[in-house]
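The entries follow in the order I made them.

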Amino acid sequence: MSKSYIGEFEELVLTIVAILQEEAYGNAIVGEIKAKVGREVNLSAVHVTLYRLEDKGYVKSGMGGATNERGGRRKRIFTITNAGLAILKDMKESRMDLWKLIPQLNFG
Amino acid sequence: MPNKHLHKGLATRWLRFLRWFCPPNLYEGIEGDLLEQFEVDVETLGDIKARRRFKWNVLRFFRPGILMRNSFNRHLMNTGMFGNHLKVSYRQLTKNRAFTIVNVLGLSLGMSAAFLIYQYVGYEKSYESLHANKGQIYRVTTVWNRQTVADDARATTVPWSGPSVKDAFPEVLEYTRFAPLSVFTGEYWAVYNEVSLADLEVFFADPGFLKIFSFKLLQGDADLALSDPFSLVITASSAAKFFGSQNPMGKLITIDSHGNLGPATFGESNFKVTGVIQDPPGNSHMNFDFLISYSTIFPGLSNGSTYWHWDYTYTYLLIKEGSNIAELENRISKLRVAQHGDEMTYFSDAIDFRLQPISDIHLHSALKNELKVNGDGNGVFLLQLVMIGILLSAYINYINLSTVKAIERSREIGVRKIIGSTRRQLVGQLLVESALLKLLSVIVAFLISASSILFIENAFELKWPAWQNGIVTTSMIASAIAIVVAGILLSVVYPVLIITRIKVIEALKGGRQGAAGFGRKIELRKVLIVVQFVFCVAFTTGTWSLYQQLRFMKDYDLGMNMDQVIVVKGYGSQSPKVYESFKSKLNGVSFVESVGFSSAAPGDEVNLLGLKANVTVGDQTEPKELKIVSIDEDFFNTLEIALLAGRSFDPANIADQKSAIVNESAARLLGFEDPFEIVDEPMHNLQEVDSRIVGVIKNYNQLSLKNSYEPIVYVPYKEWDRSWNSRFFFVKVTGGTTGNRYQEALAEIEAAWKEAAPEQPFQYFFLDSHFENKYQAETVFTSLFLFFSLFAIIIACLGLFGLVAYSTIQRTKEIGIRKVLGATVENILALLSKDFFRLILVASLLAVPIVWLALESWLNTYAFRIDVDLWLFIVPLLSVFGLALATVILRSWRVAVSNPVNSLRYE
């Protein structure tokens, strides 16, 4: 089976979903990306990416409980699936393998 | 507090927008995120910025990644039933073959008529669309001498009105004059090495010509090409004729007019090519082959004062946008008086300048001296009406027939509903069916249009403009398609409404009565039939009257006999010797009855010899303007024009060199009701010569019957010879009119011409066909109307046919019972046709007054016309009624003669 491929932004969002666990929803992901990576991303871009990841089976989503915040709207909480974890791990490893192949330069 | 900062209206408006495009299952999560983001933003960025960002964020969600998650494509088209719809439609269409044919034929006839007329009208309206600033280009026209002759409005103007107007008024950005060489020379031809061509359109033009108009200059410098005297700009096609593949720039072309070019250039006739310009397209009112720089013209004629009132040139101005045109017209007229008022010896204050938008020239200009035979704005407008009428009738037909069909199928619809068909599926079925029908009609329509164009082009000798290259634009095609599609949508709605309203139980129980409120619907259908026949009657009566007027004009006694008269064109500066020898040679030929000479051929505008005659007779003081025609002593008897009083010229009488003959109208204009009284009166001021009036002729139609008789004074040819005269020899041929005889006669005449004037081309025409050509526009329009009226009649009859079919089916049982009770076939036929007759009668009553009024106003443009009376309407009305009757009987005959047993035995 050929490996599925995910893009750089998809990988970033997927990683953040894994980090945030139960708290992974649109705004939180935008905030987390800004806090951890320092990158301003647009809410709609994150949403579209999340849906795409869901189509590919790397995340699943469900509606959280109603709160008093955000006008009483429920959050759509995303959680990473095993497949998602697997591909993250996969990508990390293949990158490490490639990294090792770079001649070790001496920055002295 | 939740989103307390968000303005209520704003929030709901933007969120409603979000909800509209966002898939419902994602909506809540997205909305929540947006609101949360907004709350954060309010804290950190402030209210205004946060709100702006909120809108922006909502807008950012409007992207394919979200939009495409909607599942709209699944429920919009029910693909499962589509195949079945197709199958059922096909069965329906083939089952009622007659019905389908009637429907398709009606629709496609309507569509092809619309296509054809659309193309024609589109072409007529596309005139001058070539010019980029056509909205700012105006032609200077003139109104002359309003005291004596009413409305002498001319397309030409004096050369003064170009340069002087531009100098005086800053809003006039550019000017160009555009003067035909022929006003100075008569016939001419152009020579380069071996190539010699006559029949060229040569004009003088100012440098502004290349700036005002958008004709593309292919070679040469637009600023300089028309500046120097004796510069020549030629069209691409004439460049190819003269120079082939050589570069034309700088070459010398000689323009010859047997000696010189008249007062235009006084002798010089070699022109240097300084530019090549694109050929003017067919949809321009200008047509030219050569443009000569205006500075070539002898300055006294160009802008000098001596001849300044000679209106030989056309003039175009480029005027700054937003200028007050009416006011500018007044200022130009006043400027003329201020600058040249005292030089108008004959015309005190009698010339008004007008500015005519260039886009009005082709369709809305009826001035004297137009460059081309213009189109007919009224005709184009009428054709558009015809188009709308035919299209409307065709769609009405379709609506009527489909409704009838739908009601017949109410049982099927009922069963479908019971099985569980949704409203949408029912409509889908009907849409598929009508789409199939329309597709078929469009194909047939294209076939009909294509063959119609071939037919029209052959039968009426008319070039269908849309077939010329580059004229059919994409926008024309797009709007044609739009018309068809709009019609389809409109005509589908009504039957669909009826069908889906059918109540199930009633449909199954009561059969045809199932259609709710059908009683009222039939009223609507009657109205539609009436509308159709209003158009039908209007077209037929209109066409018939057009035809009657045309026949009236062709049969009218013109006061002269043009039969068997061959006209030979003479040339400028022809010596009297040519005249003498040509005439004497012809007089020796056995079948030549007589030869006359005139400076104006009947049918043509009278060339004023470049001069004005403002004459007084006897001791009158008030001058009257007459037109001048120079003739020889044989002109009147050659054309059999009758003398009322006095005599014709006598060449043997020396005193006759200073004599004149007037026509009836001239005599009347000069105040002499009795023609005998004016004979022997002296006429003053006829070109500063005093002449004696020797005769009065009966009025004949110098111009076509659109124009009334003009007051004309005839003068002896020899004393009035001017090099720029037109010259026509009228040769009356005796004997039969068979082809061979004419060929023989022509050969003899040509031989005589070659002997008398060996260097000059022999050009001739037949006077009667020359005159009838003036009615070409009418002939073409009559033919077109006739053609399209046929369409309208066929469509209306098809509609009638369908409706009769329906009503006979409905009344089969009634007819059976009536027959059993003793009704005859005639009774039944009368019963069936009575209703429809009433409708057609109503339609006629509505149509006739409208046509009557329209005809009156159209006929008023003719000086000689038929009277509109009821008799004019009888023939077309009878034929419409006859056709309708035939249609009704054709369809109901079978029912009327059928054995009642067949229709009643199942009861």
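How many bridges join strand β18 of chain B to strand β21 of chain B, and do the strands run parallel or antiparallel? I noted first that this is a predicted model. Then I looked up the pair: β18 (residues 643-646) and β21 (residues 689-697) of chain B run antiparallel, joined by three bridges. I found B:Gly646 opposite B:Gly695 of β21(B).

**Another partner for β21(B).** I turned to strand β19 (residues 659-663) of chain B. It runs parallel to β21(B), and five bridges join them. Here B:Asn663 has B:Ile697 in β21(B) as its bridge partner.

**The largest nonpolar core.** Next I looked up the core, which holds 75 residues. B:Ile117, B:Ile390 and B:Ala792 touch the most other members. I listed the helices of chain B that each supply at least two residues; among them are α7 (97-125), α15 (377-408) and α30 (870-897). Which helix gives the most to this core? I found α27(B), with 16 residues.

Where does this core lie? Domain 2 (78-126 + 373-516) and domain 4 (518-557 + 776-907) of chain B both give residues to it, so the core lies between them.

**One residue up close.** I picked B:Ile390 and left aside its neighbours within four places in sequence.

**A second core.** I also found a separate core of 58 residues. Its members include B:Val592, B:Val615, B:Phe635 and B:Val733.

How values were computed: Residues are numbered from 1 along each chain as its sequence is written. Chains are lettered from A and ligands numbered from 1 in the order in which they are written. This is a predicted model: local features need pLDDT of at least 70, side-chain atom pairs count only at pLDDT 80 or more; totals for chains, interfaces and linings use all residues. A nonpolar core is a set of buried Ala, Val, Leu, Ile, Met, Phe, Trp, Tyr and Cys residues joined through C-beta atoms within 7 Å. A residue is buried if 20 or more other C-beta atoms lie within 10 Å of its own, exposed if 12 or fewer, and partly exposed in between; C-beta atoms are placed from the backbone. Helices (H or I, at least four residues) and strands (E, at least two) are DSSP runs, numbered from the N terminus. Domain bounds come from an automatic or database domain assignment. Two residues are in contact if their C-beta atoms, placed from the backbone, lie within 7 Å. Two strands pair if DSSP finds at least two bridges between them.
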